[in-house]
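Colleague: I'd like to learn how to read a model like this one, feature by feature. Can you walk me through it?

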Amino acid sequence: MTKAKKVDKPAAKKDAATPCDEAEEPCPLAELKYEVTKIEVQVTTQSNKVIMNDPEAKCLVTALVTYKRSNAEGALDSLPDKVVFTFTDPDGNNTDKPSSFNYTGSKHLGKKSDASATYWVAQSGYSAASDDSFNSNAKVTCKDVTPNETMQAQINFKPSGVGGNEYKITAKVFKADGVSELVSAQSTKFVIWRKVSFDKIYEMKSMTHVSTNAATATIAPVYNPAFVEYTAGTRTELTTAQSVKYIGLWKDTATPQRSWATVQAKIPAETPSATEITDAKYTGSTPEGLLKRTAARAAILAKAQAWADRIDSAFSRDMNKWIADVSLPANAVVGIQYYHPKFSSRGGDFATSEWKLGEPSVPAWLRVGAFQKSSGGHYYTNLDPDGLWVNWGGLSHGSGRVSVPTGISSATTKQVIRHEAGHATKSWFKREPFGPSLDHSASNAGIMYYTTSGGTTFTTREKKILRGITP
């Protein structure tokens, strides 16, 4: 009988997923480590603009770290757990603290070279640290967003509040020693801007002088050199009842216009006596007569000013009530007919006959002030009480509200809108006043002069103010 031949069984295949036997050669998978291949940095901006109307505003910065498992020479035993963020000033001309507007206490819009300034603010869900109190850098712990492929780190960047300042953000990943750089990337350059948005345009019935001339394409080019973005919204027509001749004579919808004849008439307390008028006209040279003349003129001046103040106060009250009654919202521009007989020459009703004292015209010594200051006194002085006091071409009412009357040329209307939008910027962002007299520039070279005889563009000084720089 022939003996059966022994047949060896084939060796079982090793599952690639099972650990290697210690007796066998080293398992390739046991050697797999990590290789960081790329980092990208993204900054949340609007077409490379960061709008800083609020100096505490922030923009989100995201770093995406791409990696793979590898057994290549020099691969890492473990992945880096942090991304280091820094920033640069590409052109080296960002604004320092002393050169920028001080908006509250020791807070300035400019931050360059300010060791106490905070540029980085932790993003919710991401642990962050810094070597210098979040001034020049931030170190943010990564999170896996795609296992075995991508990690992510996020931080908020809080730049200068000065328009025109520029930044680039750099993100880096280092080896465990914190010195050897693995990968780095830099964002595109972004620029700080401020913004004015008349997102609503209102006009009295059948008027189009504002909606035509306040359009974004018309006004924005003047503001762009000052790093202020200007936009205009859509038109809304006011009702017939709201479309009155003078908003400064408004009472309510039942009485849209107070009687100007009644408003302008002197009340008893404002009426000079016959004796005061006689004494005020004295032309002799006796001491007694001169003393009486001085006293009489002072009394008449006081009564004339009280008359002017009553009309002026009623004008402000009624104009503000009209704005409230039409529900003019913040950040809106409204096209009106006229402000008030004494503040609008085009209305044709400004001339009164209350202070001629029986003569053909008001005496030269009888003058009043108008438009009262909250601190006392008047912004406009030496005015003929029976003449036109002020011929307003536009007015800023606060909270970004602006009004523009009709009856002026298209070119002047555009100038008025540019000018009033300039005033209204203080409702959107922080800046220096253009000047001490109702926020007007002293020079007539630029838009912010107090009349439309000013220039058609902003001066260098006015641009600095709009940017947030101390001129």
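Modeller: Let's start with a loop: Asn-48 sits between strand 1 (33-43) and strand 2 (49-51). Keep in mind that this is a predicted model.

Colleague: What is the phi of Asn-48?

Modeller: The general idea first: most residues other than glycine have a negative phi. Asn-48 is not a glycine, yet its phi is positive, at about 65°.

Colleague: Let's turn to the cores. Which residues touch the most other members of the largest nonpolar core?

Modeller: In soluble globular proteins, nonpolar side chains tend to be buried together. Here the largest nonpolar core has 44 residues, and the ones touching the most other members are Met-204, Ile-247, Trp-322, Tyr-339, Phe-343, Trp-389 and Trp-392. At least two core residues come from each of helix 3 (260-264), helix 4 (274-280), helix 5 (287-325), strand 16 (332-336), strand 17 (368-372) and strand 18 (378-383). Helix 5 gives the largest share, 10 residues.

Colleague: And what does Tyr-339 touch?

Modeller: Leaving out residues up to four places away in sequence, the partners of Tyr-339 include Tyr-246, Ile-247, Gly-248, Phe-315, Met-319 and Trp-392. Further along the chain, Leu-395, Val-404 and Pro-405 are also among them. There is a second, separate core too: 34 residues, including Val-36, Leu-76, Ile-155 and Tyr-167.

Colleague: Now a charged side chain. Is Lys-342 buried or exposed?

Modeller: Lys-342 is buried, with a relative accessible area of 0%. You'll find it in the loop between strand 16 and strand 17. Lys-342 and Gly-387 are 45 residues apart in sequence, but their C-alpha atoms are 7.5 Å apart in space. Contacts of Lys-342 include Trp-260, Trp-307, Phe-350, Asp-386, Gly-387 and Trp-389.

Colleague: Where does Glu-354 lie?

Modeller: In the loop between strand 16 and strand 17. The cut-off for buried is under 20%, so Glu-354 at 18% relative accessible area counts as buried. Apart from residues up to four places away in sequence, Glu-354 touches Gln-264, Ala-265, Lys-266, Trp-307 and Asp-386.

Colleague: How about another loop residue, Met-448: what does it touch?

Modeller: Its loop runs between helix 6 (410-428) and helix 7 (460-467). Met-448 is buried, at 0% relative accessible area. Its contacts include His-419, Gly-422, His-423, Phe-434, His-440 and Glu-462. With His-419, Met-448 has a sequence separation of 29 residues and a C-alpha separation of 5.7 Å.

Colleague: Which residues of helix 7 are buried?

Modeller: An α-helix has 3.6 residues a turn, so residues three or four places apart point the same way. In helix 7, the buried residues are Glu-462, Ile-465, Leu-466 and Arg-467. They pack against strand 14 (190-203), helix 2 (216-223), strand 15 (228-237) and helix 6. After helix 7 comes Gly-468, with a positive phi near 105°.

Colleague: Let's zoom out. How many helices and strands does the protein chain have?

Modeller: Seven helices and 20 strands. To judge overall spread, compare the radius of gyration with the globule rule. The protein chain has a radius of gyration of 36 Å, well over the 23 Å that the rule gives for 471 residues, so the chain is more spread out than a compact globule. Along the principal axes, its C-alpha atoms fill a box of roughly 165 × 50 × 35 Å.

Colleague: What share of the residues is buried?

Modeller: 43% of the 471 residues. Among contacts with a separation of 6 or more, 69% join residues 24 or more positions apart. The accessible surface comes to about 23,200 Å², with 51% belonging to carbon and sulfur atoms.

Definitions and conventions:
Residues are numbered from 1 along each chain as its sequence is written. This is a predicted model: local features need pLDDT of at least 70, side-chain atom pairs count only at pLDDT 80 or more; totals for chains, interfaces and linings use all residues. Side-chain values use heavy atoms; hydrogens and water are left out. A nonpolar core is a set of buried Ala, Val, Leu, Ile, Met, Phe, Trp, Tyr and Cys residues joined through side-chain atoms within 4.5 Å. Buried means under 20% relative accessible area, exposed over 50%, partly exposed in between (1.4 Å probe, protein chains only). Helices (H or I, at least four residues) and strands (E, at least two) are DSSP runs, numbered from the N terminus. Contact means heavy atoms within 4.5 Å. The radius of gyration is taken over C-alpha atoms; the globule rule is 2.2 Å times the number of residues to the power 0.38. Accessible areas come from the Shrake-Rupley method with a 1.4 Å probe; for residues, only the protein chains shown count as cover.
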